Amino acid sequence: MAKIMKFIGFFALLVIFSSSFANRAEANHSWGGYHWARTANPFNLNLGNNISRNWISFLTQASSDWSQSAVLGTSVIKGATRPANCRPTNGQVEVCSSKYGQNGWLGLASIWTSSEHITQATVKLNDSYFDRSSVYNTPAWRASVMCQEVGHTLGLDHQDEDFYNSPLGTCMDYSVDPTLNQHPNFHDYEELENIYLHLDPASTLNQLTRRAVGNNNLDEPTAWGKAVKFSKNGKPVVFEQDLGSENKLFTFVVWTD
Ligand SMILES: [Zn+2]
Ligand SMILES: [Zn+2]
């Protein structure tokens, strides 16, 4: 009898868990519930500075914007990699800018996960476009892309992937005109509270060691794995690469036109 009760109890838990998970997945814009593991809230996430002078004020702004969250803060620290190869550091985000070439993308967020936890991330801002293109070399484009890529490293997905509808007023929204999309909005902070509601038994933050990163040349779209999500106009915007043993690499892309 006790065994049966245990069994029923287990099932009830399973149903509650999976239905609340399903509700969350519907009502939110996290990407699969991936998150930094931590033992207390609010937690601090370090953002390594590997960017050119043109980007500093935008990283400072994005860091202070995301730090408005009730569950987390971000700190800009000295970077631990060279901008050109932008190698990840376990337990933090490395933010890099460099001329990565005319390969079609403005910005990338690469995020490594182990089971449901984020272990390390990089943000790359492509100066081959930002420094040269009259379209993208604007404060609005720089602010919007910086804010969005850092947002992905926190566990957020886009709120909207249609470039041509009216802007939602968040950097997690695609728009041909980013003027109104330079900062997070209330719903982003709300979503972060959902993602980081629970605590974990151990932390994936501040590990400061190198981990295997799989394919090292992540500038090329062919290295990102399979496309798992597409924008309204049919471009792949999220890629997933299976690294084995429940380790994955996710790549979020902002393409040029
Ligand atoms: Zn967790
Ligand atoms: Zn994005």
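Guide: Let us begin with a pair of facing residues: threonine 113 stands opposite isoleucine 118 in strand 6. Please bear in mind throughout that this is a predicted model.

Visitor: In what sense do strand 5 and strand 6 pair, and over how many bridges?

Guide: Strand 5 and strand 6 (residues 117-126) pair in the antiparallel sense, over eight bridges. The two strands form a hairpin, with two residues between them. In that turn, serine 115 has a positive phi of about 50°.

Visitor: Which residue is the bridge partner of alanine 109 in strand 9?

Guide: The partner of alanine 109 there is phenylalanine 252.

Visitor: How many of the ten residues of strand 5 are buried?

Guide: A residue counts as buried when its relative accessible area is under 20%. In strand 5, nine of the ten residues are buried, so the strand is largely enclosed by the rest of the structure.

Visitor: How many helices and strands does the protein have?

Guide: The protein has five helices and nine strands. Read along the sequence, they follow the pattern α-β-β-α-β-β-β-β-α-α-α-β-β-β.

Visitor: What may be said of the length and the burial of helix 4?

Guide: One may compare the span of a helix with the span expected at 1.5 Å a residue. Helix 4 has 15 residues and reaches 21 Å from its first C-alpha to its last, close to the expected 21 Å. The helix is mostly covered, for 14 of its 15 residues are buried. Helix 4 is followed by glycine 155, whose phi is positive, near 115°.

Visitor: Which residues are the protein donors of the zinc ion (ligand 2)?

Guide: They are Gln148 through OE1, His152 through NE2 and His158 through NE2, and these donors lie 2.0 to 2.1 Å from the zinc ion. Their spacing in sequence is Q-x3-H-x5-H.

Visitor: Are histidine 152 and histidine 158 buried or exposed?

Guide: Histidine 152 counts as buried, at 0% relative accessibility. Histidine 158 is also buried, with a relative accessible area of 4%.

Visitor: Let us turn to charged side chains. How many salt bridges does the structure hold?

Guide: As a general idea, side chains of opposite charge can pair when their charged atoms come close. The structure holds eight salt bridges. In one of them, the side chains of lysine 99 and aspartate 131 meet at 3.7 Å, N to O. Lysine 99 lies in the loop between strand 4 (93-98) and strand 5 (105-114), and aspartate 131 in the loop between helix 3 (127-130) and helix 4 (139-153), so the pair ties together parts that are 32 residues apart in sequence. Both residues are partly exposed: the relative accessible area is 46% for lysine 99 and 28% for aspartate 131.

Visitor: Which residues are linked with Lys99 and Asp131 in a network of salt bridges?

Guide: The network links Lys99 and Asp131 with Arg142.

Visitor: With which residue does lysine 229 form a salt bridge?

Guide: Lysine 229 forms a salt bridge with glutamate 161, and their closest N and O atoms are 2.8 Å apart. Lysine 229 lies in strand 7 (residues 226-230) and glutamate 161 in the loop between helix 4 and helix 5 (186-195), so parts 68 residues apart in sequence are tied together by the pair. Lysine 229 counts as partly exposed, at 28% relative accessibility, whereas glutamate 161 counts as buried, at 13%.

Visitor: Where do lysine 232 and aspartate 162 lie in the chain?

Guide: These two residues form a salt bridge, with the closest N and O atoms 3.2 Å apart. The pair links distant parts of the chain, 70 residues apart: lysine 232 is in the loop between strand 7 and strand 8 (236-244), and aspartate 162 is in the loop between helix 4 and helix 5. Lysine 232 counts as exposed, at 64% relative accessibility, while aspartate 162 counts as buried, at 14%.

Visitor: What share of the 257 residues of the protein counts as buried?

Guide: That share is 52%. The accessible surface of the protein comes to about 11900 Å², and 58% of this belongs to carbon and sulfur atoms.

Terms used. Residues are numbered from 1 along each chain as its sequence is written. Chains are lettered from A and ligands numbered from 1 in the order in which they are written. This is a predicted model: local features need pLDDT of at least 70, side-chain atom pairs count only at pLDDT 80 or more; totals for chains, interfaces and linings use all residues. Side-chain values use heavy atoms; hydrogens and water are left out. A salt bridge is a side-chain nitrogen of Lys or Arg within 4 Å of a carboxyl oxygen of Asp or Glu. Helices (H or I, at least four residues) and strands (E, at least two) are DSSP runs, numbered from the N terminus. Buried means under 20% relative accessible area, exposed over 50%, partly exposed in between (1.4 Å probe, protein chains only). Donors are N, O and S atoms within 2.8 Å of the metal (3.2 Å for Na, K and Ca); water is not among the atoms, so sites may look incomplete. Accessible areas come from the Shrake-Rupley method with a 1.4 Å probe; for residues, only the protein chains shown count as cover. The expected span of a helix is 1.5 Å times one less than its number of residues. Two strands pair if DSSP finds at least two bridges between them.
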